[in-house]
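Below is a briefing on a two-chain model. It moves from whole chains to domains, then to sheets, helices and single residues.

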Amino acid sequence: MSVVDRWDVVIGLEIHVRLDLDSKLFSGSSARYGASPNSQVSLLDAAIPGTLPVVNAKAIDYALRFGLSIAAELPEVTRFARKNYFYPDLPKGYQISQMDDPIVGKGRIEIATEQGDKIINITRAHLEEDAGKSIHDVYDDWTAIDLNRAGTALIEVVSEPEMQSATEAVAYMRAIYNRVTFLGICDGNLQEGSFRCDANVSLKPKGSETLGTRAEIKNLNSFRFIEKAINYEIKRQAKRLEAGKKIIQETRLYDSDKDETRSMRGKEDANDYRYFPDPDLPALKITKAMIERQQKLMPELPEAKLKRYTEELGVRTDEALQLAYDVAMSRFFEASQELTQAEAAENAKFLVTDFNALLNEQSAHVADSRVSAQQYAELMDALHEGLISRQIGKKVLAEIWQTGQSAATIIKQQNLAQISDVDTLEIIIKEIIHSNPKQVQQYRDGNDKMFNFFIGQVMKQTQGQANPVQTKQILEEFLTND
Amino acid sequence: MINLSIRALHELLSTKQLSAAELASVYLDRCRRYNSELNALLHILDDVNPAQLLQAKMLQKDSLLAGIPLIHKDLFCTQNVATTCGSNMLKNFKPPYDATVVSRLNQAGMLQLGKANMDEFAMGSSNEYSAFGSVANPWDSQRVPGGSSGGSAAAVAARLTPVATASDTGGSIRQPAAMCGITGIKPSYGRVSRYGMIAFASSLDQGGVMAVSADDCGIVLATMMGHDNKDSTSIEAEPWSWQPPATASMKGLKVGVIPAWLDELQDEAIRQSSQQALDLMVAQGAELVAVELPHAELAVAAYYILAPAEASSNLGRFDGIRYGHQSQTVERDINALYQHTRSEGFGAEVQRRIMLGTWALSSGYYDDYYCQAQRIRRLISEDFKQAFEQVDIMAVPVSPEVAFKKAEKSDGVSMYQADKFTIPASLAGLPCLSMPIASAHNLPVGLQLIGPYFNETAILKVATQFQMVSDYHLQMPEAYV
């Protein structure tokens, strides 16, 4: 019997989404990642006495857009609150966050599970500023502080404890990830910490109504680690409970090198954050106009894209899935489709298989593709018109990537155009049939598989340039009729 | 010259009978001569800034304030000029920027002479809580000037400057103005930018001005006030301008009085002086109407939850890491560093209020104290709203006593009670001022005028009219004539 047969797993996630903004949540300094330490610190970010916060209106817009995308209740008034604690990378001695009246209320998002689609309810999402960075491993006896990150804007998305396995938790995290990257409010860069998550995990006896004591695993910033961390935590808790021990309410850290979670601090060490409304920031009215503006700016979401790709554009479902849920892929697909004569299905197929293969080979992401949508569309046109075969198409794509030249130029210079001239093809095919009498006989004896042998021979002879449709027709004719 | 109004000084300056440099040096000399006995100033500039002097010259014709000397309370950040907030914590702090108030007055051509002493972080009612020594009341050096803007008040009273900036959280402009016999106004909350004014209690702090007369205050206020997009609590409104009234007639004016507050005054001389001032207003044509503020008796209790709560958070930034005092007694333990830095850097009263506020916000007490105090605050605002349906302004006492002797009040709570007449208007965010109305026990007595929200004009007008027919505001302590 495995753990999940004896225990119900209960998981809730708090996801921190860094908003993709030029400036910080309450100051004008740049929020760009990776600048030299302490080069993006305003007087406010360093908590110089007398400075005051002014909220970044775009952060409000982004949060509202996110709220709309999860069908959330949006408040008429939202308030900021101070969360007080001392730490050297928190210059003011408090973090500006939200407590009562968060900017996004109850919402929901759909995830796919093995048992079918499932709705995960979202408790709330609120705006808050990030802390700076404490760097412990650069100077021997000292901790260095970098305040570039201090004050950058986050939204914290808090789910209901409705996920029942690590897989579901990952599916939920991916759903939120897709959402915020689609909305254009987060750059989605996991390495840079743009999207990180705390997981609350608890177990209760199978079928029990009472929630067990939970442990919180902090700061998970990869889909792989969150799955491993939760699975480790489930096993750890089950082991304790089955040994008659209690679960301690505590904060734990996941060590990816050892694949285990470790206690960071217990409940008794938890700070009393003394939340109270920030008197420097008056309650902010959320007007209908503000919401309507965001509604207008709301891009098409993956679910709607999937539906449109399959139903209107005739793209195969498995291919449409790969396109619709990847913001960069879908952008590239849609941009190139606008520019090409090729069928959407044809485009999608080539994009998902052949273009993806090239990207993998180059360890690149479509967002940083060296082939523009325009160049790609020209290639699709060449394919569509039958000027080149798919085989050659792959080769041309790689050439575009390398040289930046247009498909037309590459095809012309390297003489890659498909042989569609019937006379030329007939001569080649006749010759092949002539030189392979044994295989001809096998085919005529009913071995249909031999047909592909002849196709292969033609392609070999023509270095892949034979028009496959015509080749097929001529072969069929010659093989049957002698 | 030292008793001339801003308008009179402007006349001399703009007709070149006097240069801005000469005027500044008259006051700078007085600062240097008298400050050793008063300790009203923490910092006196060697000379006025030449760029400022140039600015004053250029604006001499257009700006009433061009060339008028000025002292800032030491919680207004002044670029590259020490700003201590009366605390050892910021003993060597030189801000890298000017507060909005400072830059606005600079732009109008005013000339900074120095920085005024104050209770540490504006917490106190006697100026005895300054880390840099108490301030003497110019009327009697054994007595306090009031607080927390005691340095500003003493400086104006001794004519070390014609004008001083100040700040008021629960009475810190009005009470020292009353005790030093000068005029001081705290505008409505949201009128004066708090950007660059080191915070005590953000929802109550409001910058204001002290001067000899209400007219002088109005002139300075017109430049100080106005929306500032660096302060989210600053209110957007039409620019405010000040025109003094043409006559002393208060005909048609309804003045609210609170009989219970007058009865509460234990000092008979203050009670009588207040009554006489009200009688004078009646003689000028005003009508007195009795009003009530039923919840005002809870004001002190609510204030001493809310203000310390906000202070406990506002003062969290003084941790010895980036600026200010850093304890040298500990190493390698961040919590010990915080503890020592803050114990050494903050005085006893500041520590008391931080602890009080921390406690009021802590889990389990927040609802009972902080939220309850917020409720009282709303009720008091409502009380005022109702009162202002019947009257145009209110006239009430400022302080239950005249300037008291130094070290007379040794416990915090009796000091807190000194603010009971000033705190209600602070909680409601209303404009209010104190003007000198009498002398009792050879010490000045003030009267507080409170106006409806955003109606600074109403109280300044009445104070100016009062000062047209009385001369208490022009009296100077003999030692500084």
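Chain B has 16 helices and 11 strands, where helices (H or I, at least four residues) and strands (E, at least two) are DSSP runs numbered from the N terminus. The radius of gyration of chain B is 21 Å, close to the 23 Å that the globule rule gives for 481 residues, so chain B is as compact as a globular protein of that length. The radius is taken over C-alpha atoms, and the rule is 2.2 Å times the number of residues to the power 0.38. This is a predicted model, in which local features need pLDDT of at least 70, side-chain atom pairs count only at pLDDT 80 or more, and totals for chains, interfaces and linings use all residues. Residues are numbered from 1 along each chain as its sequence is written, while chains are lettered from A and ligands numbered from 1 in the order in which they are written.

**Chain B**

- The C-alpha trace of chain B spans about 70 × 55 × 45 Å along its principal axes.
- Of its 481 residues, 60% count as buried; a residue is buried if 20 or more other C-beta atoms lie within 10 Å of its own, exposed if 12 or fewer, and partly exposed in between, with C-beta atoms placed from the backbone.
- Among contacts in chain B between residues at least 6 apart in sequence, 76% join residues at least 24 apart; two residues are in contact if their C-beta atoms, placed from the backbone, lie within 7 Å.

**Chain A as a whole**

- Chain A has 16 helices and 15 strands.
- Its radius of gyration is 29 Å, whereas a compact globule of 482 residues would have one near 23 Å.
- The C-alpha atoms of chain A fill a box of roughly 90 × 55 × 55 Å, taken along the principal axes.
- In chain A, 39% of the 482 residues count as buried.
- Of the contacts in chain A with a separation of 6 or more, 69% are between residues 24 or more positions apart.

**Contact between the chains**

- Chain A gives 25 residues to the contact and chain B gives 32 residues.
- On the side of chain A that touches chain B, 17 residues are nonpolar, three polar and five charged. In this classification Ala, Val, Leu, Ile, Met, Phe, Trp, Tyr, Cys and Pro count as nonpolar, Asp, Glu, Lys and Arg as charged, and the others, Gly among them, as polar.

**Domains of chain A**

- Chain A is divided into domain 1 (3-289), domain 2 (300-413) and domain 3 (422-481), with bounds that come from an automatic or database domain assignment.
- The centres of domain 1 and domain 2 of chain A, taken over C-alpha atoms, are separated by 36 Å.
- Four residues of domain 1 of chain A are in contact with four residues of domain 2 of chain A.
- Helix H3 (residues 166-182) of chain A supplies three residues, the largest share of the side of domain 1 that touches domain 2.
- By class, that side of domain 1 has one nonpolar, three polar and no charged residues.

**A sheet in chain A**

- Three strands of chain A form an open sheet in the order E4-E3-E14, with antiparallel pairing; two strands pair if DSSP finds at least two bridges between them.
- Strand E4 (94-97) and strand E14 (276-277) of chain A stand at the edges, each with a single partner strand, so one side of each is left without a neighbour in the sheet.
- Strand E3 (residues 81-84) of chain A pairs with E4(A) in the antiparallel sense over four bridges.
- Opposite Arg82(A) stands Ile96(A) in E4(A).

**Helices H14 and H15 of chain A**

- The axes of helix H14 (residues 437-444) and helix H15 (residues 450-462) of chain A come within 9 Å and cross at roughly 145°. Axes are lines fitted to C-alpha atoms, for helices over the stretch in contact, and angles run from 0 to 180 degrees between N-to-C directions.
- Gln439(A), Gln442(A) and Tyr443(A) in H14(A) meet Met450(A), Phe451(A) and Phe453(A) in H15(A).
- This contact has four nonpolar, two polar and no charged residues.

**Two isoleucines of chain A**

- Ile230(A) lies in helix H4 (residues 223-242) of chain A and is buried, with 26 other C-beta atoms within 10 Å.
- Not counting residues up to four places away in sequence, Ile230(A) touches Ile11(A), Ala166(A), Ala169(A), Ala199(A) and Val201(A).
- Ile474(A) is in helix H16 (residues 468-481) of chain A and counts as partly exposed, with 19 C-beta neighbours inside 10 Å.
- Leaving aside neighbours within four places in sequence, Ile474(A) is in contact with Leu425(A), Glu426(A) and Ile429(A).
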